Amino acid sequence: MNAEMPEGYLPGISIIESLGTSDLTEWLRTELAGESRTLSGQDDDFPVQAIVNHFRYLSPTAQRRLTDAVDLLQVSFKTSPANWMADQTRNLFHLIGELPVPALITKLQTVAFDTELKPVIGSSYLILLQAIARHSTNTDRAFWKSLVAHAPQYAGMALQVLARVSPNDVLEVLEQLPPKAATAATLGAFARALPNFLASLEDGDRSRAISRLDSTRRRLPSTVSYHLRGALAVAGFGISAGSAASHGDQELRFGRHTTKFVESFSQDSYVSA
Amino acid sequence: MPFGDARSQLDSVRKQHLDGVLLAWEGSDSLRKQAAANLLGEAAFENSEHASYLASLADEHAELRAPHPRVLQAFERQGKPFLLAGAKSIPTGGMLFGRAILLRKFARYLSNTFADHPELNCVDEYDQVIATLRTLDGNDATFPKAHLRCYFAGIRLTSLGRGAVFATFVTPIRLNESPWERPVADAHAIRSAIALGEDPLGEDYLLFTYNLPPNRFARVPTSASPGWSYQRWYRPNPNAQVELHGWTSPIDPGHSRRPEVVHEELLGATVVFPLSVALA
């Protein structure tokens, strides 16, 4: 037994290790439906957290069988969605996001763009996108760029992923947001990702990015641009109060020395926006 | 009602079955041994439901003797009606309770809230949910930054636990005092002090502070409350009838035990911000 493994995991580990892919698939289908609890944990661990907790202590062979089972279940959902309960589907998407199954990404992307499946997925569409996002790399940028047009209400997540995997694309997509996607929700999502995005850039690239962000901000309706302005302030890149109050062409200030000013700006203008 | 008194209320057949189960468990693995010890040491019940619980366990004696996981399922099925059957606990008006939840797990439940409440306008990727929750450490909700508002609103709509929800508090009881000190202890200390032994090591915790709504009662936890796998970490409080609460049994003896109660599931509507994050 792994020295760090809680003793209580052992029975569950033994069960998973003993099952072949076919039996494991059925076991997993039942667990995801919440109809059986063979693993260890608190009530609110079930089913996804409990599976994730045990997964790391499985042998490589059992881990592969379990990820194969996840793959078979996503095929099952895709071909017979009516056989899946809403919570079970959501739990499957959560689990795909947690396990190392990047090979599923392409398959899930087709699920996301399937017009017949989308109504079946319903509110779990957000969780499906989260699963795709967790395994996305630069090679998936086309999916996220097209999502902005395909499902504009999720453009915020597309911007977050692009900010991480394709910094060049994120600014371009932001500058060309279709009206349906240029919402407070989209800009709010980007604002939350902005500190990490800016921190990931080299100094010169960061200055250029901020300049482009400020230009974009000025083109957006004020009902949504306040998110961007505020996020820049929180990230330490403020806009002078005087010019902000009286001119459209604001002066950007960079660096930590503006922190105090930025905090004041945030309290006065941004928070009440 | 102490376990012995409850046992004595069983008819002879059930009593024999129950004794058989306990005897088998005492010679078995550590989880069964602890479950037997917990049942024998149980002294917190003051109602006849405890006798019903014991009777239901005795009725299932054959199944309870079977290997895991049927034991788990049987034990938890029998215990479900009695999760909150312990004695009424300390008065809760004006008290602040605390609960530690794995940050990654709560991020998943908060994502579900965002999915079910599109009016919150939050469509973050999972890693961003985790990152944003970390930034809420010490962040007051009185004047939230615009891009964080959906998080404060979402937390208020998200459940703080399932089944019998265990909560800690400050003793001696002081009204409006948070159970979490600052600077915040690290995740290892929290996991140990709250006895969250089935949680994986090395993960961050979100520390919630909240009030219990007036229509909710705190109860003394009993051996039915923690479920099967947490029997290993549960210890009945022999002084529960006087103290009106239980105590955690820290995993690492270097950490102090904490008082604990259980209550029904509830949403985070009464969460008192700021949250704290205990880092791994």
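Which residues line the largest cavity? Keep that question in mind while we walk through this predicted model.

Start with helix 4 of chain A, residues 60-79. Its 20 residues should span 28 Å at 1.5 Å a residue, and the end C-alpha atoms are 29 Å apart, which agrees. Several of its residues are buried, including A:Ala62, A:Leu66, A:Val70, A:Leu73 and A:Phe77. What do the buried residues of helix 4 of chain A pack against? Their partners are helix 1 (10-18), helix 2 (21-32), helix 3 (48-55), helix 5 (86-98), helix 6 (105-112) and helix 7 (117-121) of chain A.

Now move to chain B. Strand 3 covers residues 205-210, and six of its six residues are buried. In a regular strand, side chains alternate between the two faces of the sheet. Here both faces are covered. B:Tyr205, B:Leu207 and B:Thr209 lie on one side, with B:Leu206, B:Phe208 and B:Tyr210 on the other. Strand 3 of chain B pairs with strand 1 (residues 97-102) of chain B, antiparallel, over six bridges. There, B:Gly98 stands opposite B:Thr209. Strand 3 of chain B also runs antiparallel to strand 6 (residues 276-278) of chain B, joined by three bridges. B:Leu207 has B:Ser276 as its bridge partner in strand 6.

Back to the cavity. A search of the whole structure finds one of 30 Å³ or more. The largest cavity has a volume of about 80 Å³. Its lining is A:Phe93, A:His94, A:Gly97, A:Glu98, A:Ile127, A:Gln130, A:Ala131, A:Arg134, B:Arg108 and B:Tyr126. Helix 5 and helix 8 (125-134) of chain A each give two or more residues to this lining. By class, the lining has four nonpolar, three polar and three charged residues.

Definitions and conventions: Residues are numbered from 1 along each chain as its sequence is written. Chains are lettered from A and ligands numbered from 1 in the order in which they are written. This is a predicted model: local features need pLDDT of at least 70, side-chain atom pairs count only at pLDDT 80 or more; totals for chains, interfaces and linings use all residues. Side-chain values use heavy atoms; hydrogens and water are left out. Helices (H or I, at least four residues) and strands (E, at least two) are DSSP runs, numbered from the N terminus. The expected span of a helix is 1.5 Å times one less than its number of residues. Buried means under 20% relative accessible area, exposed over 50%, partly exposed in between (1.4 Å probe, protein chains only). Contact means heavy atoms within 4.5 Å. Two strands pair if DSSP finds at least two bridges between them. On a 1 Å grid over the protein atoms alone, a cavity is a set of points where a 1.4 Å probe fits but cannot get out, and a pocket is an open set with protein on both sides within 12 Å along at least five of seven lines; lining residues have an atom within 4 Å of a point. Grid points are joined across faces, edges and corners, and a volume is the space filled by probe spheres set on the points. Ala, Val, Leu, Ile, Met, Phe, Trp, Tyr, Cys and Pro count as nonpolar, Asp, Glu, Lys and Arg as charged, and the others, Gly among them, as polar.
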